Each structure stands twice: as structure tokens, then as C-alpha cells.
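Here is a short tour for someone who likes to see the numbers behind a fold. Have a look at the chain first, and then we can go through it together.

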Amino acid sequence: MAAAAHVSRRTFDRRFREAAGCSPLQWLLHQRVLHAQDLLSGTDLTVDAVARASGFRDGVAMRPHFRRILGVSPQSYRASFRPV
């Protein structure tokens, strides 16, 4: 991204952080978790399929980021949308 913006990586990271309030990686992870939220609440895809569709390698890679950002596991999040 820095090359596309014709700036050094350090400059890009600094400007991105100033504009977005977080690092490019943290922003990307947050966007991936937001996409996973939509898929978990609106589809019957497995957690692994949701993870892959959201840009994670698999469910194991997605779970800690999901839990850190939302405070619940992907399965618990999905369960809150299912009738009892």
C-alpha cells in the first residue's frame, strides 16, 4: 500500500494511524471480523468457511481476533441469532 501511495512504509503507517486511529493491520483485522459477523449472523456457513470468506486462514486463526474485538467467540456470537 505504501508503494501505491508513493511513500515509505513508515510514512504510510504514520499517516494511516493518524487518519484511522490504528495501524493498517489492526484496521484490516477489524474489517475482517466485521465481515465475519455479517456472515455468522446471516448464513449457515461453518465457522471455518466464514473465516476463509473473511480473509482468515481458518477458524483457529479467526477466533482470537474475533474474541478480542467483540468479547465473545464466533459460536457464541452466532448462537445469539438463533432461536432457542
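Does Ser 73 count as buried or exposed? Ser 73 counts as buried, because its relative accessibility is 14%; buried means under 20% relative accessible area, exposed over 50%, and partly exposed in between, with a 1.4 Å probe and protein chains only. Ser 73 sits in the loop between H4 and H5. Setting aside neighbours within four places in sequence, Ser 73 is in contact with Phe 66 and Arg 67, where contact means heavy atoms within 4.5 Å.

A word on the source: this is a predicted model, in which local features need pLDDT of at least 70 and side-chain atom pairs count only at pLDDT 80 or more, while totals for chains, interfaces and linings use all residues. Residues are numbered from 1 along each chain as its sequence is written, and side-chain values use heavy atoms, with hydrogens and water left out.

Now the overall fold. The protein has five helices and zero strands, which gives the pattern α-α-α-α-α along the sequence; helices (H or I, at least four residues) and strands (E, at least two) are DSSP runs, numbered from the N terminus. The radius of gyration is 15 Å, well over the 12 Å that the globule rule gives for 84 residues, so the protein is more spread out than a compact globule. That radius is taken over C-alpha atoms, and the rule is 2.2 Å times the number of residues to the power 0.38. Along the principal axes, the C-alpha trace spans about 50 × 20 × 20 Å.

| Property of the protein | Value |
|---|---|
| Buried share of the 84 residues | 32% |
| Share joining residues at least 24 apart, among contacts between residues at least 6 apart in sequence | 43% |

The largest nonpolar core has twelve residues in all, among them Leu 29, Ala 36, Val 50, Met 62, Phe 66 and Tyr 77. Such a core is a set of buried Ala, Val, Leu, Ile, Met, Phe, Trp, Tyr and Cys residues joined through side-chain atoms within 4.5 Å. H2 supplies the largest share of this core, five residues. Not counting residues up to four places away in sequence, Ala 36 touches Val 50, Ser 54, Met 62 and Phe 66.

Finally, look at Phe 81, in the segment after helix H5 (74-79). Phe 81 is partly exposed, with a relative accessible area of 41%. The C-alpha atoms of Phe 81 and Ser 23 are separated by 31 Å, and the two residues are 58 residues apart along the chain.
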